[in-house]
Amino acid sequence: MDQTNRPALPIRDVSGRVSLIFMVTLAAALLLLGRAETYVVDRARQVVTDLAAPLLELASRPVSAARRVVESTDQYAYVFDENERLREENARLLAWKEAALKLEAKVARFEALLNVQVDPSIGYVTGRVVGDSGGPFVETIIANVGSNQDVESGQAVIDSDGLIGRIVATGPDASRILLLTDLNSRVPIVVEPSQTRAVLAGDNSVWPRLEFLPALAPISVGDRVVTSGDGGLLPPGLPIGTLVETADGFLRVQTFSDRSRLDMIRVLQYEFPREIDVQDAPTALQPVASESEGPAPSASTSAPAPTAEATAAEGGT
């Protein structure tokens, strides 16, 4: 073994030394060549780059694929989180939308209530119909305003279309409203434009009838009916409805308000003006200034009262 391996060692050492010398010589040559011939070196570098580019591209493909997989995973995670966030935001927006629709409907009802023109000096309380306590023979409803809001019996109640009835009973937080169609309802009215006065009487039907209507009154179908204010219980001029002619030939009133759509109402706190200022006397009956300054003749001042001395003298005689 030792005899067979002895010739290989010098050859290996010689080849190693030759390779080292070759590489050093090549490096030196390239260094010198690069400093002397820049164009040749750049050209050679470009050729090497062109040859290595396809190999580098092939080698970079797995890396690019792995990078895309990682980026896709991050995007999926982001999309999942974004989807959860959008679901929660959508739920909040739906809740806000529902609240906005309710507020919009509420504002519309309040604006509709203001369509009925009422004397600005008349105060009112806004409420809502919360129950229908009526039946086959009773036409009443319940509102959520009562004596705590200064609601009293007899006050007129209107909705967005006109008069619907009056308060007949109150509690602390609720009131009972007698509708115009109730059998016990009686309201003094005026038919416009003829200004014919009558009484609107309910009979538990859809259309109240007119009572105490003067004979040959100049009224016709379609005339407007408003409150007259007689009696001082209801304010004058509240719209009620229009005249219609029924199949039996009688004139009745079709109310503007619809019982099936009653929601928001206003209770009018109307007070009949009972205090009247003292009327001054006409100018012709007022006393002249010179006469008013002098003593006015009167029975009480025509004869002076007798003194004590005069009384004693009269007693002596």
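Reply: Among contacts (heavy atoms within 4.5 Å) in the protein chain between residues at least 6 apart in sequence, 54% join residues at least 24 apart. Keep in mind that this is a predicted model, where local features need pLDDT of at least 70, side-chain atom pairs count only at pLDDT 80 or more, and totals for chains, interfaces and linings use all residues. Residues are numbered from 1 along each chain as its sequence is written, and side-chain values use heavy atoms, leaving out hydrogens and water.

Me: Why is R252 called buried?

Reply: Buried means under 20% relative accessible area, with a 1.4 Å probe and protein chains only. R252 has 16%, so it counts as buried. Of the chain's 317 residues, 25% count as buried.

Me: What does the side chain of R252 reach?

Reply: The backbone oxygen of W207, at 2.6 Å. Leaving aside neighbours within four places in sequence, R252 also has contacts that include D203, P208 and T242.

Me: What makes a group of residues a nonpolar core?

Reply: They must be buried Ala, Val, Leu, Ile, Met, Phe, Trp, Tyr or Cys residues joined through side-chain atoms within 4.5 Å. The largest such core here has 22 residues, and I189 and L200 are among those with the most contacts inside it. Strand 6 (186–192) is one of the elements giving it two or more residues; its share, three residues, is the largest. A second, separate core has 14 residues, including I141 and L179.

Definitions and conventions:
Buried means under 20% relative accessible area, exposed over 50%, partly exposed in between (1.4 Å probe, protein chains only). A polar contact is a pair of N or O atoms within 3.5 Å; within protein, one must be able to donate a hydrogen and the other to accept it, and residues adjacent in sequence count only if both atoms are side-chain atoms. Helices (H or I, at least four residues) and strands (E, at least two) are DSSP runs, numbered from the N terminus.
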